[in-house]
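Please open the structure in your viewer and keep the selection tool at hand. The tour below goes from stop to stop, saying what to select and what is there.

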Amino acid sequence: MGIISYRNRSKGKVTKEGKACRPSWEYRFYGAPVRGKRICFSKAGFPTKAAAIAAGTKAQNEYMSTGTVFQESTMSYSDCLDSWMENYVKIRCAPTTIRNYETYLKTYIRPALGKYRVSAIRHETVQRFILDLYHRRYARSTMVNMLAVVSCSMRYAKRQGWIQMNPAEDIDLPSPRESAVLPSKQRDAIPKEVIARIFERFPEEHPSHLPLMLAYHCGLRKGEVFGLAWDAINLEEGYLIVQRQMQRCRERQMWQLVEPKYNSCRRVRLDPVIWDLLQRTREYQLKRREHYGRRYIVTYIDEEGHLGEGGEEIEMVIIRDDGKFMIPEVTHNISYVVRNELGYELFDFHSLRHTHATELCENGVNLKEIQRRLGHKNLEVTNRVYLHATDAMERESMEIMRKMYES
């Protein structure tokens, strides 16, 4: 190991006023020769010799372990995230993942950590960030997602040479048992009498009737309802395939068809009521297309799933009379009418999917089949969401057993 030398570069120097200059200590050591020429590492400006010794020792140790002297980056973590998103995430990840990351950064990470220099963020900084989410009663899954984003972006920063160590490594997460699960939005099954009033208010002639029916009879999510095309419906055998959902593409300000949530592509059998309605709808739409002729609005889809004027023709199911596809935002008006005009304040469009699954559960359909039909990520989700229904089934089974065994 080379010897570190120190000197006060201001020694013997005076200012214009004749006063001695402030000390400016410098450390200096030499590295390995490159093409026969020794490389010198030095830095000045330290107010005391002790400060120069501490910095010189650190610099030499870093040189001996990595081959170079590390210079801390003055880049903010927010700028680091911008670079990570542009040069790593957007060229490797799916559009849905990119949108999720952008939401995480905007909502959680930038407000908490973005203002700091990336090199100033330490292990305890990230640990405090996670614990703050815990104390604010965020779900453990949210904490896991946030930590994954921070850790991945910090690995990127390390590869760029902006930091030496990833401060998001070995972070302690609260255990699943201790984690405060953020209570999900409470939904009750819509009462039968309210369902009847909803479909009386939105009859078959109304443009919103079919979206409501698909959510209630098939348990489809809102994006899945409006992303449904006729090529995914088999009217001969009576089933539909959930393979797309409609989402807004923010980058291009247009609508896009992407894979359903959790990539939950699945086949959904049609009951006689919705089957007949879809057959009537198909016949009606073909007649309207013939009636409009050249004025009929044809929808096209490109290779990336964007809906517009380019690509191949796609026949959407939820359309207006002139062929223009309808977008999920129309459900806002439905919710307003049901809450304010019909007086059922608990309604949102997702309540129809919840009601469909609850009624299946209460009528004895196997939970595994309900999970498959709804496209839940796992059976635990189905169990948790419809626990009230399984409790009712349990009470009913106990009553049956009581009658079976009473003498």
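Begin by selecting Y27, which counts as buried at 6% relative accessibility (buried means under 20% relative accessible area, exposed over 50%, and partly exposed in between, with a 1.4 Å probe and protein chains only). Before going further, note that this is a predicted model, in which local features need pLDDT of at least 70 and side-chain atom pairs count only at pLDDT 80 or more, while totals for chains, interfaces and linings use all residues. Residues are numbered from 1 along each chain as its sequence is written, and side-chain values use heavy atoms, with hydrogens and water left out.

A search of the whole structure finds 9 aromatic pairs, where rings of Phe, Tyr and Trp (its six-membered ring) pair if their centres lie within 6.5 Å, and planes under 30 degrees apart count as stacked, over 60 as edge-to-face and the rest as tilted. The rings of Y27 and F46 have centres 5.9 Å apart and planes at 35°, so this pair is tilted. Because Y27 lies in strand β2 (residues 25-30) and F46 in strand β3 (residues 40-46), the pair ties together parts that are 19 residues apart in sequence; helices (H or I, at least four residues) and strands (E, at least two) are DSSP runs, numbered from the N terminus. If you then select F29 and F41 as well, you have a cluster of Y27, F29, F41 and F46 that is linked by ring pairs.

Next, select Y156, which is buried with a relative accessible area of 6%, together with Y88, which counts as partly exposed at 23% relative accessibility. Their ring centres are 6.5 Å apart and their planes stand at 55°, so the pair of Y88 and Y156 is tilted. Y88 lies in the loop between α2 (77-87) and α3 (95-113) and Y156 in helix α5 (residues 140-159), so the pair ties together parts that are 68 residues apart in sequence.

For the last stop, select β4, β5 and β8, which form an open sheet of 3 strands in the order β4-β5-β8 with antiparallel pairing (two strands pair if DSSP finds at least two bridges between them). Because β4 (233-234) and β8 (266-269) stand at the edges, each with a single partner strand, one side of each is left without a neighbour in the sheet.
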